[in-house]
Amino acid sequence: MQTNFTAKQLDDPATAHSEAILRKCVHCGFCTATCPTYVTLGNELDSPRGRIYLIKEMLENDRPADEKTVTHIDRCLSCLACMTTCPSGVNYMHLVDHARAHIEKTYKRPWHERALRNVLAAVLPYPARFRLALRGAQIGRPFAGLFGRWELTKPFTAMLALAPAQMPPKSDSTMPGVRRADPTIAKRGRVAILTGCAQSVLDAETNEATIRLLNRLGVEVVVPRGETCCGALVHHMGREEAALDFARQNVDAWSRQIDGEGLDAIIITASGCGTTIKDYGFMLRHDEAYAERAEKVSEIAKDITEYLYALDLPEPVNETGLNVTYHSACSMQHGQRITETPIDLLRKAGFNVSEPAEKHLCCGSAGTYNITQPEIAGRLKKRKLKNLKATEPEVIAAGNIGCIMQLSGEAGVPLIHTVKLLDWAYGGPKPDGAPEGRAPAAKSETASLLETLAEKDASVTTA
């Protein structure tokens with residue numbers, strides 16, 4: 001794509017980086033086929049290619065964002081399916097992040113949008129405030145239908161619908177400290193675990209299962225003091241400085257551990273957080289006090305399935321054998337390019353794993369998208385549920401709390417974090433809501449033969 005930025009504009013590092021991204025786009029349109037909003041709405045401006053044109057025009061002309069541009073950028077889920085599809089390597093994530101920061105600085109939103117975004121930014125990243133808000137949501141739930149009658153209050157209806165009917169219990173897993181590995185086996189590693197914000201309130205059992213499993217495998221787990229929200233929620237709102245402040249706090253907290261007893265990895269159990277933390281090196285690249293440490297943090301940040309896959313896992317302890325459909329969060333498959341790892345782990349643990357049709361399409365969660373864009377999110381949710389149900393699962397596994405909250409309640413089967421199922425398979429308790437396990441179905445002779453041939457082919461290819 002031809003660009004016409006001035007030399008003065010390119011003196012700004014963010015603009016120079018965006019210009020380099022724009023130049024990679026060849027207008028091929030492959031991204032439109034996998035973009036959830038284009039597939040849903042059919043509007044070229046609601047495709048990555050259309051948004052790239054809008055961003056180019058806005059940045060190149062060095063003008064404030066207008067309503068048209070904001071409308072179509074706001075409709076972007078940041079699912080990053082376009083980046084998986086793009087043959088030219090266009091880093092749409094960094095481009096749209098720059099555009100959102102520009103919008104936040106130059107565009108005055110209507111009062112009700114400002115109020116909603118201020119509430120989300122002031123509440124969701126802070127567990128104590130979020131827990132208090134959930135108690136308020138329980139009071140407001142009976143009035144959800146009333147709020148849904150007016151356009152301005154539809155986001156609050158969406159928030160009430162997403163809030164759990166019962167308050168999740170608090171967990172000791174959020175408390176700073178060291179969780180020692182099983183002393184009966186050799187120590188195999190030392191990791192930090194991200195407590196997070198929303199997940200620590202909505203489903204602290206995910207980190208409890210992670211700590212149990214890692215400890216049984218000989219891995220010491222530390223919850224560092226000073227850890228906070230990863231910054232993703234405000235980052236995707238264009239609140240750049242707030243996101244960087246969160247990132248700096250986490251880099252400080254993890255660096256103390258790295259410089260102390262050391263860390264083999266920083267474990268993340270919410271894939272939406274993982275995509276952002278793995279980008280800390282880029283986000284803080286111009287901060288002399290943090291650039292090097294942030295890069296180190298990004299290098300050792302691992303999704304829990306990535307870390308487990310690198311370990312030599314034993315044979316499963318408990319009989320599982322359930323039919324599990326794996327839902328891959330966009331932040332997992334597109335943001336971090338982790339696709340087969342969770343599936344392989346589940347199969348090795350004894351589960352019968354399927355994947356839904358259109359697995360590349362977003363479920364509509366996307367951080368706060370299901371609150372700020374409830375109608376589009378609802379259509380994507382309906383489409384995703386149809387594809388998931390078609391696989392006739394007994395359980396749906398996912399690696400991101402946003403997806404789990406988005407799809408729970410209407411799937412007809414429990415949605416359970418992948419690591420909870422793995423913890424169960426390797427000696428932990430059965431996750432709440434999961435059916436009783438059973439012995440895995442025996443493979444047919446044909447299936448066994450095909451698997452053996454595949455393994456031999458892989459070994460030849462590797463050699």
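In what order do the four strands of the open sheet run, and is their pairing parallel or antiparallel? The order is E7-E6-E8-E9, and the pairing is parallel. Strands here are DSSP runs of E with at least two residues, helices are runs of H or I with at least four, and both are numbered from the N terminus. Two strands pair if DSSP finds at least two bridges between them.

Before going on, a word about the model: it is predicted, local features need pLDDT of at least 70, side-chain atom pairs count only at pLDDT 80 or more, and totals for chains, interfaces and linings use all residues. Residues are numbered from 1 along each chain as its sequence is written, and side-chain values use heavy atoms, leaving out hydrogens and water.

Strand E7 (352-354) and strand E9 (415-417) are its edges, each pairing on one side only. Strand E6 (residues 323-327) and E7 are joined in the parallel sense over three bridges; Asn 323 has Asn 352 in E7 as its bridge partner.

Now look at Asp 287, in the loop between helix H17 (280-283) and helix H18 (291-300). Asp 287 counts as buried because its relative accessibility is 18%; buried means under 20% relative accessible area, exposed over 50%, and partly exposed in between, using a 1.4 Å probe and protein chains only. Its side chain makes a polar contact of 2.8 Å with that of Arg 248. Such a contact is a pair of N or O atoms within 3.5 Å; within protein, one must be able to donate a hydrogen and the other to accept it, and residues adjacent in sequence count only if both atoms are side-chain atoms.
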